[in-house]
Structure formats: C-alpha cells, structure tokens
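Subject: Structure handover

Hello,

Here is the structure for you to take over. Please open it alongside this message.

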Amino acid sequence: MIKLIRGGVYYTEGAILKENVAFMVESKKQKAIKGTIAHSVLHSHNSGSDTDLKIKFDSLVSHDITYVGIIQTAKASGLKKFPVPYTLTNCHNSLCAVGGTVNEDDHVFGLSAAKKYGGNFVPPNLAVIHQYVREQEAKCGGMILGSDSHTRYGALGTMAVGEGGGELVKQLLGQPYCVARPQIIAVCLKGKPKKGVGPHDVALELIAATFKKGFLKNKILEFVGSGIKNLSMDFRCGIDVMTTETGCLSTVWETDETCRDFYKTHGREGDFKELHPADPAYYDGAVIIDLSRVEPMIALPFHPSNALTIKEFIQNAGDIIAEAESAGGKLLKDFKFADEIKNGSVTLSQGVIAGCAGGSYENIAEACEILSNAGTGDFSLNVYPQSLPVFKALADGGYISRLLGSGAVVKPAFCGPCFGAGDTPATGRLSIRHVTRNFENREGSKPAEGQLSAVALMDARSIAATAANGGRLTPATEAEYVKKVKKYYFDGEIYKSRVYHGAGKPDENAVLVYGSNITDWPEFAPLAQNILLKAAAVIEDEVTTTDELIPSGETSVYRSNPARLAEFTLSRKVPEYVSRAKEIRAAEEERKKSGTLPENVLQDVGIKIAPDTAYGSFIAAKCTGDGSAREQAASCQKVLGGMANIVTEYATKRYRSNLINWGILPLQCRKYDFKTDDYIYIENVTELIKENCEAIPAKHISGGKVKNIMLEMSPLSDDEKKIILAGCLINYNRNK
C-alpha cells in the first residue's frame, strides 16, 4: 500500500505531517529544510550555492561498457592522473561469446589505464559493479558518481548518482557536477513485509505508483521511518537499486545497527556512522509505504512500471497479456506470448535471478529454501550470485549444491541478463526475472530481425515458488517453506588476491594497451553562428529509451569504437536514421570545402541563408532519454553529425547532460509537429546561448512551407554554455 503526498511535509516524531497542518513558523521551516540527511550530505560536497550545486564526489565507478570511452575522452582533454579513486569493473562485456576478443582487449586496456592513472581494477566475474562498491567502497555520508544508471548505495548511507560518462570526465579533470538543488522526497516505511514478499515486490509497487506520474523525476529520495528496522541490508539494497526506475536522481537512507553490522562484516566498520534527519525535517513531498500490505508483484513487458500483484495478473491473465501483446505488436507484427496460458493457469518456462538487484546472498538463499529440492522440471532457472564472496558464502552454506540438486544452473557474476547478453527467452515465451529492467529492446530483442523478447520482473522468492510448482506462476506467499537464512560471512581474501588496488598510485611511465577495436574520438567542430538542421528521425512514441537510441546486447562490444557503434544508432526504432544522418554529415563536409549549402530548399521558400551556417541533423521525439545512463545514446548522434534534439520533454537529467557534453543542443518544443526531412533554421544561435535565452526563435520548413516557431532551452550553467559553444566537452577542455 503506497500513499503519495504532493507539496511540503514535515517528518517529526516518526510521522509525516502536511505543511498546512504543521503550523511551523518560517524560521523553523528554514531550519527544517536543512535538517534532512540529503541536505547535510550535499552540503559537505558542495562548493556552489544552496540553489545551484557544484558537487565533488568522493569516488567514481564504471564498468567495461563505459570506462574505455570515458578514459579516452579524459585523455583527449589532458588527463594526467585520476584525482579521486576510480574503480573499473568488468561485469557487462565479460562473455567473449558476445563479441570475440574485443571484450578482453577492453579489459587489458582498463588494467593498463588503472596502472597509468592510478585506479582500481576488478577482473571479470569477480563481482557486478554495484555489489563490489557496496562491499568495498560505500561510506556513510559519502557521495559516489557512476557511469551506470543503477548507481545507488543509499541504503548504506552513500548518496550515489548514475550519469553519462561526460560527468565522470569532468570529475577526472577537477570540474564539478553542476545541478540545481533537487527536491527531496521523504519515503516513509512502516510495518514489516510478510513472508514471501521480497525487495523487488516493494520496489515494483513503488515504481508502479510513481513513474508514469513523474512524481519522483530527478528528485532525491530519503528513506525514513520505523519500517527500516524490519529490513535486512540485502532487502534495503534490493529496494534502493531499483529506485532508478522511478526516475529519481539519487537516494539516501537512515542508518542503524543493522547497517553498522554490514560494514563490520565487510571489515569496514570505520566507514559507518549513524544518519538521521533532524526533528523536524522538511521535505518537498512524501511517499508512505506500508510494508505489511505489499503483495508479490509482477511487472509485465515492457517497463518495470507495468506492475500489478501476481494474484491480479493470474485472475485477469488473458486481458493483461493481450494488452502487452498489443504493445509488442507495435514493434513486431504478430508478437504473441499468450501460449503461456495453459489449462486456465499461467505456466512459464524460464526464470533468472541475477545482477545488482537479484543476485544477493539473501535472495538466493531464500529462493533455495523455497525450492527445497523440489526440482524445476522443464522450467529453466538460472542463478547468478552478484559477487564471488556471495557465491562462496552460498557454497559454504550448502545453498549452491541444493540449487544444483533442484535443477537450477548457477553462473558467475554477470550483468548480461539485464541487457540482453545471454538467457534470451524463446519466441512466444515469457521469462520471469529478478533483474532491473524489462524494456522492449533488451534481453536479446532484435525487432528488425523478427526477434522480440518478453520479460516480466518478479522477486526471486516468487520465481523460486514458480519453479517449484513446475513453472506454474505462483506468488511466494503461497509457498510452504522455512524462512531461515544462514548468517552471511564475507571472505575478503577473494578481492585481495585478484583486484588491482592502484587508487592514488599512478605510474606515468605505464603504457596504455590498445586493442584493434579501441579508437580515438573523431574531431568535432565548434558550434557555428547559424545552423540549418534536417530531421533524420521523427519518433512518435510517448517515451523513447536510451536502449532504443543505441541498443544494448550485441552492440556493447563496439562501445570502444565510436564509428562502429554509431552504425547501430536507432537501428531498432528508425533503421533509416543512420543513412539519413550520414547523407547530411557528408553534405556538411562538402559545405566546409565549397562554402555553400548543399540544398536550395531555403531559397525555394524565400529564406536568405546567413554566412557561417553549418548543416546538421536532428532527432525529434516526444519524451526521450529514459533508462540507462549510457552517454553513447548522445555521442553516436554527434559522430553522425547530429547537432540537436528537439523534444517535448527530457525523461532524465542525465540524458540531457549527455547531449550537452557532446555539444548537442537540448531543445524543446511545446507543439510537437515534425516530419522526417523537415528543416529547422536558427540564426545567431551562439549569441542566444551566450545570453542564456530560454526562448529560441527558429524557422520550421515543412512541405515547402515556412512558419516561425519558438523553441525552448532550459537554463544552462556557464560551463555548459561553453561546452556547447566549443562543440563538445573534449573541445572545451582543450581550449582551457
């Protein structure tokens, strides 16, 4: 049961009070505003004002899909050494079957970079990125920036933010993370989860209640309340990591003795401190969750917010599946998975428990208890413990052998089931997974090739209950089992033996080792005084994810090769985009040589072109940038000659920041009325940016007709203006 409260609230004596009934004088309110945990953490890392923050993070973290591009960008900008601890993990491109030798080439490059610039390097299959940070690097009151959207360590008292690589580059070059003061929302937990309910159930209900309303978009969630004490650390972390799917910016939780025990278990009790809000503390809104009323949940394709209780789904499976099939039918004709309804029940064939959300010790151990050697039969169950220490603890406790005896397959730490590298379900089958996402272009989907995977999100407990019931969909609250998990013991020797700990120890004589697939960024021109834009893609979907802008899965192996990766841009959404963008880019190259624009379209409608007018492409969409933090969703557009995005709304702050860091104008238009091959002509755009104009006058040419329109651009910081004018972050830093 979840209640949303809009507008100001006070948290006092363990309860939420609306501002209009709290009767606080203004002086008390101002003090209460500074009484949140989030405020104190931000304040201790901020060199800007209270309204415009300039944050310096304590440490950085990236995985092997993102760190090569980040380091290459920083190197091109003058990087000499990592000024803060930077950890490079290898949990995404760690299966050579996905891309041959180029994956391991990236790992070799990563280790050489850690040695040269002074960083940490976690070899493949030791841990998924976020579990390693939980175990080794989170600190109460600290802040961590990661190049993965699920960078969340709030349950451990660490405010963490997932952003595109450009923001990590800035930190590596001593530049701050600039953001307007986010609103802070109290998430008040009360009650105790019933047996069979897990963290994914709580998270999915939270996402379902908030995402589509935009209630938590770009805000900080502060978890408080008496219910926290009833949750283990694995349970808290399982909820916390999924908050990314609400659209929020970051999280932080109250800490207690349970949290202290986590740090003590991992040999880092000195990194613990109690964090509590003042009494009273003021928040910009609230979410109240009664944990005792949460039921086992399932999130149907193609978003975590498409969640409802498993019981509701079973009762109305036919109608609900028909809706999901209709959504899939927009991507792939005749998309079906209704064959999973057999004899009046929903019977499934595959389940996966994996990654930073699902692969925890407690999730797997309790799933094992539910299976209780029942045997999975024809139901395929794949289990990925999220780190080798977790794997070892499960083995020492006898859980691994019991899982194997039940028919489950236990695999190394790997993020593949989250983004489509492995475990792709068969056509017409619905895979149930305790992972972070079930977007339409993930889990092995290739709509252009007639392949669309159907994945539903569920908690590990209900996945195990379903497996034990021969694949018949079953909420774990109906399973008979003893909810007793053996105490977890962490073996830190595993990391001491294999992890390269080089933070703060750069070796300027070390040589970066390049594989054949690792290439430098091309040269990018600064923004011209005037620009002529041609629409290379117009997307009518209500929301466009970064997975659709640049797909995951098999494309991941080219994340170190800008030109090769750019070939996949919008390949599953607008296959013609790349060829159109290339034509426009080639025309711009010819303009640079001849000094004339390649087309007479503007002259035909009576518009005189000003001197110094550059020619580029743009993408038009409604709401874009939901999902992953991947900067390549923006950089690929830039490589193909993209100059702007024109949308009604940006789904996330991080995607807009990615556009800015790659010199792409983040424009908005209230009236969405664009067609492919339309033109937008903007004069004196450089002056408009310098003056921080939020209204951008432009001419829209469509079908031989011209109309004056007003585009919008939200305020830019001084550095952001300079980055766009320079053409990209690399140029900006070179100019400095």
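Below are notes on what was found in it, taken region by region.

This is a predicted model, in which local features need pLDDT of at least 70 and side-chain atom pairs count only at pLDDT 80 or more, while totals for chains, interfaces and linings use all residues. Residues are numbered from 1 along each chain as its sequence is written, and side-chain values use heavy atoms, with hydrogens and water left out.

Helices (H or I, at least four residues) and strands (E, at least two) are DSSP runs, numbered from the N terminus. Two strands pair if DSSP finds at least two bridges between them.

The sheet

An open sheet is formed by 7 strands in the order β15-β14-β22-β21-β18-β19-β20, with mixed pairing. Its edge strands, β15 (307-309) and β20 (409-410), each pair on one side only. Strands β18 (residues 350-353) and β21 (residues 430-434) run parallel and are joined by 4 bridges; Q350 has S431 in β21 as its bridge partner. Helix α19 (residues 460-468) packs on this sheet and touches β18, β19 (380-383), β21 and β22 (454-458). Contact means heavy atoms within 4.5 Å. The direction of α19 makes about 135° with that of β21, where axes are lines fitted to C-alpha atoms, for helices over the stretch in contact, and angles run from 0 to 180 degrees between N-to-C directions.

Buried means under 20% relative accessible area, exposed over 50%, and partly exposed in between (1.4 Å probe, protein chains only). Because 8 of the 9 residues of α19 are buried, this helix is largely enclosed by the rest of the structure. Among them are R461, I463 and T466. Just after α19, G470 takes a positive phi of about 70°.

Around K219

β11, helix α10 (residues 233-241) and β12 make a right-handed β-α-β unit; right-handed here means that, with the strands pointing away from the viewer, the path from the first strand over the helix to the second runs clockwise. The strands β11 and β12 pair in the parallel sense over 4 bridges, and L221 stands opposite T251 in β12. Both faces of β12 (residues 250-253) are covered, with S250 and V252 buried on one side and T251 and W253 buried on the other.

K219 lies in the loop between α9 (199-210) and β11 (220-224). Beyond its neighbours within four places in sequence, K219 is in contact with Q183, I185, C248, L249 and S250. K219 is buried yet has no salt bridge, and the nearest side chain of opposite charge, D284, is 8.0 Å away. Lys and Arg count as positive and Asp and Glu as negative; His and the chain ends are not counted.

Salt bridges

A salt bridge is a side-chain nitrogen of Lys or Arg within 4 Å of a carboxyl oxygen of Asp or Glu. By this rule the count comes to 30. One of the pairs is R268 with D271, at 2.9 Å from N to O; R268 is buried, with a relative accessible area of 10%. R591 and E588 form another, with the closest N and O atoms 2.6 Å apart. Both residues lie in helix α23, 3 residues apart, and both are buried. A network of salt bridges links E362, E366, D459 and R461.

Regards
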